[in-house]
2 protein chains.
Amino acid sequence: MRPRRTRVLELAILGHLEESPMHGYELRKRLNSELGAFRAFSYGSLYPCLKEMLRLDLVSGSPQEGAAGWRSRIVYQLTSEGRERLRALLSESTPAATDDECFGVHFTLFGRTRTEVRMRILRGRRHRLLERLDFLRERVARATERGDPYIYELHRHRVESVEREVDWLEDLIKQERRRAENAGVADANISGSAPPLRGDPSATDQQM
Amino acid sequence: MRPRRTRVLELAILGHLEESPMHGYELRKRLNSELGAFRAFSYGSLYPCLKEMLRLDLVSGSPQEGAAGWRSRIVYQLTSEGRERLRALLSESTPAATDDECFGVHFTLFGRTRTEVRMRILRGRRHRLLERLDFLRERVARATERGDPYIYELHRHRVESVEREVDWLEDLIKQERRRAENAGVADANISGSAPPLRGDPSATDQQM
DNA sequence: GTTAGCATGTAAGGAGTTACATGATTTT
DNA sequence: AAAATCATGTAACTCCTTACATGCTAAC
C-alpha cells in the first residue's frame, strides 16, 4: 500500500487536532467548512492520510467504546511528535506555502501562529502574486497585439483580480506590523488569543 | 497503455488546431500563453493526449520532413470528426464547462463561438458562482460566531472576490445581449470575426 | 564548443476523487 | 418501516507533473 500523506492535508489535520481531539468524520466537516469552496476533502483522502499519520506516530487514535455499541469511532489526538511536526510545518519557509491551496490552509491557522510566521507567509504570498502579475500583464499585452477581444478581456480581469489580492495582502501586512510594534517582542507565544483584525479602518493610507 | 484524454486538454487542443495546424511543441506554447498562470500543461500530458486523439481520428498527424533533417516534427490537423467533436464540446451544456479551469478554456475560444453558446456558458458560470457565494456567506456568518478573525477575514475576502467575478460576468452578459439585438438572428456563424468588447463604458448601470 | 532552444516522447509518481461496501442510530 | 445522517474504510480511477532519455540546430 502506497503511503497516503500530503502536505496540505497533513497540515490541516495537525492544525485542527491541535485545537481539540476529534474523529475523522467530524474532522472532515470542520475542514470543509473552514477551507470552503475550494478543495472539499473526501473520506477517500482523509482516512488513508490519518492512517498513515498513525503509522508515523504523528497522531494517536483511541477507539471510543463510550456511546453504546458504536462502530468504535476513533478519536484522534496529537502526539508530541505531531505537535512538533505542526510547529515545523508552520515555521517552514518553503515557497509551497504560498500556493493558492496551501496559503489558504496556512491562513486558516493564523489564529495559532506567531506574528513573524504570519508575516513571512503573507509576504511570500504577495511575492508569488507579483510574479503572477508580471506573467499576466505580458499576456494582456500579447492579447492586445493579437486582437482577440475575449482573450484580452479574460486576462485583463485576471490581472485586476490578482491586483486586488495583492492590495488585500498589503493591508494585512500593515496590520501585522502595527500589531508587532504595539506588542513589543514579549508576546511571541503560539497560543495567544487572536487579536482583532480590521480594527481601525481610518488609518489605511500610510506607507508600508 | 491507459487512454490519456481529458475534457479540458482535449477541448483546448481542438480549439487551437481549428485555428491552424500545429506541431506539439508549438501547441504547448500557445496553450500556456493563452491559458496563463493557472494550469501550464506539460509535455507529459500533451503528447500522450495527442497520441490518443490520433488513435480516435480526431486529429491527423503528418510527419514533416521539410526542414533539412529535423526529427520529423509532426504537424497535427483537425479531421472532420475532430471538427465535429469540437462543435459538440462547445455546444454541450454540461455544468463542467463552468468549472474554474474549464470556463477559462471555453472563454479562450469565445472568439470562434456563436453568441448563444457564449451566453449559455456565461450564465452557467454566473450560476455556479452564485452558488459558491451562498456557501461562502454561510462560512462568513459562522466565522463571525466563532470569533476567529483570520478565518473571518479569509472568507470575507473570498466573498468579495467572487462577487466581483459575478459583476464582471453580468457586464459581459449585457454586452452579449446588446450585440445579439443589434445583429439580429442572421449572423449565427461560428467563424465570424469577433466583435469589439467594452465598447460603451457609459451605459453600464441599466438593469439586466 | 558550450549553452540555449527546438522537438518528441516514456515511466513513475503525486494528490486527490468517485463509487462502493458496511453497518449502526436517529429522525420522520 | 423507511430515510437521513453518522461513521469508517478500500479499490479503482483521474488527471496532471517531474524527471528522464534523446538528439537536433542556432546563437554566443
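Q: Which residues do ring pairs link into a cluster with A:F103?

A: Ring pairs link A:F103 with A:F107, A:F110, A:W168 and B:Y150 in a cluster. Rings of Phe, Tyr and Trp (its six-membered ring) pair if their centres lie within 6.5 Å; planes under 30 degrees apart count as stacked, over 60 as edge-to-face and the rest as tilted. Over all chains, the structure holds 14 aromatic pairs. This is a predicted model, in which local features need pLDDT of at least 70, side-chain atom pairs count only at pLDDT 80 or more, and totals for chains, interfaces and linings use all residues. Residues are numbered from 1 along each chain as its sequence is written, chains are lettered from A and ligands numbered from 1 in the order in which they are written, and side-chain values use heavy atoms, with hydrogens and water left out.

Q: How are the rings of A:F110 and B:Y150 placed?

A: Their centres are 5.5 Å apart and their planes stand at 85 degrees, so the pair is edge-to-face. The pair crosses between chains: A:F110 is in the loop between α5 (100-108) and α6 (115-146) of chain A, and B:Y150 is in helix α7 (residues 149-183) of chain B. Helices (H or I, at least four residues) and strands (E, at least two) are DSSP runs, numbered from the N terminus.

Q: Are A:F110 and B:Y150 buried or exposed?

A: Buried means under 20% relative accessible area, exposed over 50%, and partly exposed in between (1.4 Å probe, protein chains only). Both A:F110 and B:Y150 are buried.

Q: What rotation superposes chain B on chain A?

A: Two copies of a chain are related by a rotation about an axis and a shift along it. Here the rotation is 180 degrees with 0.0 Å of shift along its axis, and chain B superposes on chain A with an RMSD of 0.1 Å. The two copies are thus related as by a two-fold rotation axis. Of the residues of chain B, B:S161 comes closest to the rotation axis, at 3.6 Å (C-alpha). The same surface serves both copies, as 100% of the contact residues of chain B recur in chain A. Contact means heavy atoms within 4.5 Å.

Q: Which ring does the charged end of A:R139 sit over?

A: A charge sits over a ring if NZ of Lys or CZ of Arg is within 6 Å of the ring centre and within 35 degrees of the ring normal. The charged end of A:R139 is over the ring of A:F135, 4.1 Å from its centre. In chain B, B:R28 lies over the face of B:Y43, at 4.5 Å from the ring centre.

Conventions
Least-squares fit on C-alpha atoms with pLDDT ≥ 70 in both.
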